[in-house]
Amino acid sequence: MAYYYTEPSRTFSEFLLIPNLTTKDCTPANVDLKTPITKFKKGEKPAITLNIPFSSAVMQSVSDHSMAIALARCGGISFIFGSQSVESQAAMVRKVKEYKAGFVVSRSNLTPSHTLKDVLDLREKNGHSTVAITHDGTPNGKLLGIVTSRDYRLSRDTMDKRIEEFMTPFSALIYNKAGITLSEANDLIWEHKLNCLPIVDEEQNLRYLVFRKDYDAHKENPLALLDQKKSYIAGAGINTKDYEERVPALVEAGVDILVVDASDGYSEWQREAIEYVKNNFDVKIGAGNVVDREGFLYLVESGADFVKVGIGGGSICITREQKGIGRGQASALIEVTEARDKYYEETGIYIPICSDGGIVHDYHITLALAMGADFVMMGRYFARFDESPTKKLKVGNNFVKEFWGEGSNRARNWQRYDTGGKQGLVFEEGVDSYVPYAGSLRENLDKTISKIKSTMSNCGANTIEEMQQNARITLVSATSLVEGGAHDVIMKESSLSGE
């Protein structure tokens, strides 16, 4: 007969942390969020360590090269989505590895034949006041000029005025050639009192923009996740179908770590993909997703460098209602981390765990860490930010960003849900939706990290490892959930409200 779990399948919202003694040295300023992402032997250091326990999901609407750069600057990692062509994904990885802090690939570009209305629409969409004018409107086209807010007057210029009539032409620009160092570029900016310095190649094609405002920002990224060559660390997702074609291209592009992206990772297809990577390349690879001890041990024995936990808990995931499989994220994480700790005791090999899904509030991240996760993977959280690849739209009176699941008809990522049957998406396991626009990644991430550090201080922990060892966690009742929020009052608006 079937095996029945007697314990209910629980979510993060059913738990709270009990404070421990907060000593005088246990303050948010002293909390260190460094955490391993690759397996290591006792007494040794992992090959890759995150400076903050955050990774962005392997999704079209979340993790492209722009998100990877932005999150790496903050100390986390992105796994660039694999539901695209091999060439396109490899190109994104290459952009991350070739990107140098301070040298920005222009994301707002138009041609001379565009109009002032196009400039204003692009500014509304991207929030950028500087627009590069290239011959073909691409980030790397021949640079013909620059448009900033100083080049037009809304009170006098008409919306159909062509850009070529008011842009600052290339002949009037102060620029420099590719190969210049960031220090030299910043010296030119200060010497000529510039806000922006274009960097071009020998054929006048635009390569990068260097902004005055970024000078201080470079000093504000002490946690940037860098490899030995001082390039940003980049991850990428692969599937269990075309990995023999995809992995070589990603490795050639410089990828630092891979993850097999599947809704259910407890499969022979996943083991074959992991073994192929391990036998042919010197690159780290994570695997998943699983929700129990057996699935975890199967992937570890297959060679996984980390294991991803969670089925059906994502905000856009409908796997549970479509197929009836999955598990509450808290229950899954508790069982898998117990198996991980036992495996570490028996073998001396530590396998990092990624908690993927089920996070609604910021405190759920802290709970996941306390329950044994080494880092979390999130989609909805990052999809809300400027740095995600989706469109910013106005729906009613609110700004939103598009957000769709990999199992939706829009993504059509059937490889992620493949079970050896028909090659196509027979039914959806994800939805197409919007999320409230939240602004920049850095601003929101800083707020979330502040909450995590504050909670860890309450729990008497200055590191994630201390939090895992010493946290005290309690179940909560339905009525105590009501008690835990604001109740029996008339709320006022607050600018400090957040996740």
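T448 is found in helix α13. This is a predicted model, where local features need pLDDT of at least 70, side-chain atom pairs count only at pLDDT 80 or more, and totals for chains, interfaces and linings use all residues. Residues are numbered from 1 along each chain as its sequence is written, and side-chain values use heavy atoms, with hydrogens and water left out.

Q: What distance separates the end C-alpha atoms of α13?
A: Helix α13 covers residues 441-458, which makes 18 residues. The expected span is 1.5 Å times one less than the number of residues, so α13 should span 26 Å. The model agrees, with the end C-alpha atoms apart by 26 Å.

Q: Is T448 buried or exposed?
A: Buried means under 20% relative accessible area, exposed over 50%, and partly exposed in between (1.4 Å probe, protein chains only). T448 comes out at 1% relative accessibility, so T448 counts as buried.

Q: Which residues does T448 touch, not counting residues up to four places away in sequence?
A: Contact here means heavy atoms within 4.5 Å. The buried residues of α13, T448 among them, have cover that includes β5 (54-56), α1 (65-74), α11 (362-370), α12 (380-383) and α14 (464-470). T448 itself touches F54, D362, I365 and Y381.

Q: Which side chain makes a polar contact with the side chain of T448?
A: A polar contact is a pair of N or O atoms within 3.5 Å; within protein, one must be able to donate a hydrogen and the other to accept it, and residues adjacent in sequence count only if both atoms are side-chain atoms. The pair in question is 3.3 Å apart, and the partner of T448 is D362.

Q: Which residue caps the N-terminal end of α13?
A: Look for a side-chain oxygen 3.3 Å from the backbone nitrogen of E443. That oxygen belongs to S440.

Q: How many disulfides does the count come to?
A: A disulfide is a pair of cysteine sulfur atoms within 2.5 Å, and the count comes to zero. Take C459: the nearest cysteine sulfur, that of C26, is 8.8 Å away, so C459 is in no disulfide. C459 is also buried, at 3% relative accessible area. The count, then, is zero disulfides.

Key:
Helices (H or I, at least four residues) and strands (E, at least two) are DSSP runs, numbered from the N terminus.
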